[in-house]
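Here is a short briefing on one protein model. Keep the sequence and the 3D view open while you read.

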Amino acid sequence: MRREETRTRAGTREWVGLAVLALPSLLVSVDLFVLLLALPELSADLAPTNNQQLWILDIYGFLLSGFLITMGTVGDRIGRRRLLLIGAVAFGAASVLAAYATSPEMLIAARALLGIAGATLGPSTLALIGSMFPDPKQRAMAIGVWLVCLMGGIAVGPLVGGVMLAHFWWGSVFLLAVPAMALLLLVGPALLPEHRDPTPGRLDLVSVALSLAAILPAIYGLKELARDGWEPVPAAVLVTGIAVGVAFVRRQRNLPHPLLDLRLFADRGFSTALVSMLVNTMLPGATMVLITQHLQLVEGLSPLDAGVWMLPAVLTGIVSVQVAPLAARRIRPAYLIAAGMAVAVSGLLVITASGGAAGLITGFSLINLGAGPLITLGTNLVVGSVPPEKAGSAAAISQTSNEFGFALGIATMGSVGAAIYRGQLADTLPAGVPAGPANDTLAGAAATARELPGPLAEALLTAARDAFTSGLHVVAAISAVMLAGVAVAAITLLRHVPPLGTEPTKG
């Protein structure tokens, strides 16, 4: 028994290989967040239109979301290490292209290539972790390390971006990922094992087309509805994406080798963890966006200062995802996830009663503290509950769920916050303020205030900030109720999952 257990446990090579996988994840995460800081300087240099500026920001996420499922399945077919190395070459080349872009169109094209290349990295990395660490205890720890690197990028992204933009041109922020991709290409073949599905079948190109035609319109529709409110065109695009998605699912049921194996969802642990993580990404994700806007537009902090204020919450999340796998060796994941959701709910309740930065960051720190068990153990459940040959598909489904959760949260909860803002401001708008942007967004109110006399401008800003804060409070309250539901679902549906490293109880 001891000899068999030793063979299934990862050794030094696997842990060094994990570092090779985690470093690119850290720098890619940094790369995503520094773009927001670079946008003003970039816009001054390339002079994009408003529409082009939005596409520079969004095209990466659209294509990343659209290609995740396809790339996860391609990795299962041709080999995850091979796909990862191909993706590293493409990501590095696209990063250089973006750094030296000479026009908005060139930068949009480079960001599109980055999105497609990025879709190869995440599923391949997570699937390789699942294959390299078959022992449940080690796999959960390895996933925790990988998640720490992703979250670490969020923490240091604004700081690194601020330093680089202070000393170099805007394109330098895109070059951050290039050394990591080069390292991956140099040492990856020696340290990372190759894994693939031995009987993959032929890739169904019709399913690939249907998946893109479903995911891209759905994500686009959700983002546009979140940005501009309920408009007929994005609503129609969203409905079209959903309709194509139904056709995609029907086709998968009839294929011997589907692009998306629907049988994976028959596993209760897989489905429960997936839905729970989607809801967790959807609700606190939307709250996080509103908090960052509050820090800048209500508290008056710069983007860099707002990022520094968010550091305690990010660091709390990093600690949580590292501690959760250790605790799960003695406590069932269902109880840890439910307890974590209770802590997250308490953080949301703190936010509902807070009006200042300190209270908001305290609440957001509690949210991140509570989310750690679900993020780490849920990802472990998704990857560990499927056959090894389907690990790439499972990882892609998990990451696609996260992308949808974030977009859906911004669209729904953002709309709720906007509705509260408009309703309250309509009742408190000072006399003499013209109708227009101030009635729609807090940023619009700030722009309008700059055109008004001092006392009237201050009255408008006070009313708008109060209305925005009320919207944040309502969103946090709704999120608290729904996360409480996730806690109940975890206790009910994941109770059969034993502590890490132990056998399930029979009967």
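Leu-255 counts as partly exposed, because its relative accessibility is 21% and buried means under 20%. Leu-255 sits in the loop that links helix H9 (232-253) to helix H10 (268-298). The model is predicted, and the protein averages a pLDDT of 81.

**Around Leu-255**

- Beyond its neighbours within four places in sequence, Leu-255 touches Asp-204 and Ser-207.
- Pro-387 is 132 residues away from Leu-255 along the chain. The C-alpha atoms of the two residues are 19 Å apart.

**Thr-125 in helix H5**

- Thr-125 belongs to helix H5, which covers residues 104-132.
- Is Thr-125 buried or exposed? Thr-125 has 4% relative accessibility, so this residue counts as buried.
- Which residues does Thr-125 contact, leaving aside those within four places in sequence? They are Leu-21, Ser-25, Leu-84 and Trp-146.

**Aromatic pairs**

- A pair of aromatic rings is described by two values, the distance of the centres and the angle of the planes.
- Searching the whole structure gives 4 aromatic pairs.
- One of them joins Phe-265 and Phe-270, with ring centres 5.4 Å apart. Their planes stand at 85 degrees, so this pair is edge-to-face; the cut-off for that class is over 60 degrees.
- Phe-265 is partly exposed, at a relative accessible area of 34%.
- Phe-270 counts as buried, because its relative accessibility is 0%.

**A nonpolar surface patch**

- Four residues make a nonpolar surface patch: Val-96, Tyr-100, Phe-168 and Trp-169. The patch has an area of about 400 Å².
- Trp-169 is placed in the loop between helix H6 (136-167) and helix H7 (177-191).
- Trp-169 has a relative accessible area of 34%, so this residue is partly exposed.

**Confidence in the model**

- A pLDDT of at least 70 is reached by 93% of the residues.
- Among the elements, helix H12 (residues 333-352) has the highest mean pLDDT, at 93. The lowest mean, 44, belongs to helix H1 (residues 2-8).
- Residues 1-7 have pLDDT below 50.
- Where pLDDT is low, predicted coordinates should not be read in detail.

Terms used:
Residues are numbered from 1 along each chain as its sequence is written. This is a predicted model: local features need pLDDT of at least 70, side-chain atom pairs count only at pLDDT 80 or more; totals for chains, interfaces and linings use all residues. Side-chain values use heavy atoms; hydrogens and water are left out. Rings of Phe, Tyr and Trp (its six-membered ring) pair if their centres lie within 6.5 Å; planes under 30 degrees apart count as stacked, over 60 as edge-to-face and the rest as tilted. Buried means under 20% relative accessible area, exposed over 50%, partly exposed in between (1.4 Å probe, protein chains only). Patches are made of residues with over 30% relative accessible area and no salt bridge: like charges are joined within 9 Å, nonpolar side chains (Val, Leu, Ile, Met, Phe, Trp, Tyr) within 5 Å. Accessible areas come from the Shrake-Rupley method with a 1.4 Å probe; for residues, only the protein chains shown count as cover. A salt bridge is a side-chain nitrogen of Lys or Arg within 4 Å of a carboxyl oxygen of Asp or Glu. Helices (H or I, at least four residues) and strands (E, at least two) are DSSP runs, numbered from the N terminus. Contact means heavy atoms within 4.5 Å. pLDDT is the predictor's confidence in each residue, from 0 to 100.
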